Amino acid sequence: RMLRLIRFGIKDGFVIEPDSLIGVKLQHSSIFFISRERISQELSKILTAPNSYKGFDLLYETRLIDFICPELALLENCTQDPTFHPEGSVKVHTSLILEHKKNSAFSSDPVFSLACVFHDVGKPQTWAKTPEGRITAHGHAEEGAIIAERVLTELKFDNNTISRVVWLVRNHMKPNNFAEMKKSKQAKLISEPDFPLLLELHRLDCLGSNGDTTTVTLIEKIMKELPPERIHPEKLVNGNDLINLGLSPSPLFKEILEGVEEGQREGKIQTREEALDLIKKHLTLIEL
């Protein structure tokens with residue numbers, strides 16, 4: 001009921017009665033005894049609501065966040081480098097992203113909403129200050145993916161939701177370096193099923209910090225310039241071809257096939273014959 005109060009309280013035209021809010025603040029620890037499944041259901045409804053940022057803020061105001069997800073509670077006092085994040089703490093940054101999400105095409109998508117909330121959850125664990133006084137959080141995306149997987153598993157979210165959110169959290173910094181990537185790496189990232197969500201997460205990440213979305217414009221330009229066959233290349237060879245070349249099934253198969261696919265995305269391989277020639281050269285080098 002405490003979570004339901006927040007869910008109904010963030011609807012347009014609704015106002016939470018002050019005594020009810022006080023009651024939640026006094027009883028917030030009792031959420032600990034509610035099943036994880038019930039909590040995840042209500043949390044999903046809060047985070048996919050149009051005013052999800054208000055619900056997110058209320059989770060902190062009532063301190064329900066401390067018992068639902070202590071890792072997210074740490075965002076409140078996690079400072080950031082003002083050069084890149086003039087808005088303030090990671091919690092403020094996350095709330096701003098949720099506010100901008102209101103106008104996003106993915107606003108009501110549970111996976112996208114959870115990714116927005118958890119994208120920087122690894123920053124408190126990776127927070128550091130350089131001798132020059134700059135605040136850093138190197139590796140926070142990777143750490144955040146680990147935390148998100150653990151928390152969402154504990155909250156009993158389904159495996160598909162968990163794996164997609166974890167992928168988005170782990171990769172949310174990659175758009176920053178998109179222009180420096182090899183064309184094949186750009187095409188591979190674009191080919192990922194949830195790349196549209198990743199790009200939108202990056203856009204909101206920018207809007208929730210310094211507001212500079214030039215990288216989004218650049219990525220969209222590159223996407224238009226990349227031929228479809230570079231993004232989703234035709235499968236020229238498979239495992240049977242490797243067996244016919246005398247190889248036994250092993251983890252090497254994946255490495256070889258991904259190498260062929262990368263060659264296609266770079267424009268170096270266009271035919272089956274060229275793919276087989278590359279594999280034979282690769283096998284010769286291994287033997288040497």
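**Starting at Arg-63**

Trainee: What is the relative accessible area of Arg-63?
Mentor: It is 23%, so Arg-63 counts as partly exposed. Keep in mind that this is a predicted model.

Trainee: Where does Arg-63 sit?
Mentor: In the loop between H4 and H5.

Trainee: What about its phi?
Mentor: Phi of Arg-63 is near 65 degrees, which is positive, and the residue is not a glycine. Most residues other than glycine have a negative phi.

Trainee: Where else do I find a phi near 65 degrees?
Mentor: Lys-156 has one, again a positive value in a residue other than glycine. Lys-156 lies in the loop between helix H10 (140-154) and H11.

Trainee: Back to Arg-63. Which residue forms a salt bridge with it?
Mentor: Glu-76 does. The closest N and O atoms of the pair are 2.9 Å apart.

Trainee: What does that pair tie together?
Mentor: Parts that are 13 residues apart in sequence. Glu-76 lies in the loop between helix H6 (70-73) and helix H7 (90-101), while Arg-63 is in the loop between helix H4 (52-61) and helix H5 (65-68).

Trainee: And Glu-76, how is it classed for accessibility?
Mentor: Glu-76 is partly exposed, with a relative accessibility of 31%.

Trainee: Why do such side chains pair up at all?
Mentor: Opposite charges can pair when the charged atoms come close.

Trainee: How many salt bridges does the structure hold?
Mentor: It holds 17. One of them joins Asp-120 and Lys-123, with N and O 3.4 Å apart.

Trainee: Asp-120 and Lys-123: buried or exposed?
Mentor: Buried, both Asp-120 and Lys-123.

Trainee: Show me one inside a helix. What does Arg-265 pair with?
Mentor: Glu-261, with the closest N and O atoms 2.8 Å apart. Both residues are in helix H17. They are 4 residues apart there, so about one helical turn separates them.

Trainee: Which residues are joined into one network?
Mentor: Lys-182, Glu-262, Glu-266 and Lys-268. Their salt bridges share partners, and that links the four residues.

Trainee: Staying with H17, where does Leu-252 lie?
Mentor: In that helix, which covers residues 252-265. Leu-252 is partly exposed, at 25% relative accessibility.

Trainee: New topic. Which residues gather in a patch of positive charge on the surface?
Mentor: Arg-170, Lys-174, Lys-185, Lys-188 and Lys-254.

Trainee: Tell me about Arg-170. Which helix is it in?
Mentor: Helix H11, residues 159-171. At 38% relative accessibility, Arg-170 counts as partly exposed.

Trainee: How many disulfides does the structure hold?
Mentor: It has 0 disulfides.

Trainee: Where is Glu-99?
Mentor: In helix H7. Glu-99 is partly exposed, at 36% relative accessibility.

Trainee: How far apart are Glu-99 and Asn-51?
Mentor: In sequence, 48 residues. In space, 7.0 Å from C-alpha to C-alpha.

Trainee: Now zoom out. How many helices and strands does the chain have?
Mentor: It has 18 helices and 2 strands.

Trainee: What does the C-alpha trace span?
Mentor: About 75 × 40 × 40 Å along the principal axes of the chain.

Trainee: Last one. What share of the residues count as buried?
Mentor: Of the 288 residues in the chain, 46% are buried.

Technical notes:
Residues are numbered from 1 along each chain as its sequence is written. This is a predicted model: local features need pLDDT of at least 70, side-chain atom pairs count only at pLDDT 80 or more; totals for chains, interfaces and linings use all residues. Side-chain values use heavy atoms; hydrogens and water are left out. Buried means under 20% relative accessible area, exposed over 50%, partly exposed in between (1.4 Å probe, protein chains only). Patches are made of residues with over 30% relative accessible area and no salt bridge: like charges are joined within 9 Å, nonpolar side chains (Val, Leu, Ile, Met, Phe, Trp, Tyr) within 5 Å. Accessible areas come from the Shrake-Rupley method with a 1.4 Å probe; for residues, only the protein chains shown count as cover. A salt bridge is a side-chain nitrogen of Lys or Arg within 4 Å of a carboxyl oxygen of Asp or Glu. Lys and Arg count as positive and Asp and Glu as negative; His and the chain ends are not counted. The place of a charge is taken as NZ of Lys, CZ of Arg, CG of Asp or CD of Glu. A disulfide is a pair of cysteine sulfur atoms within 2.5 Å.
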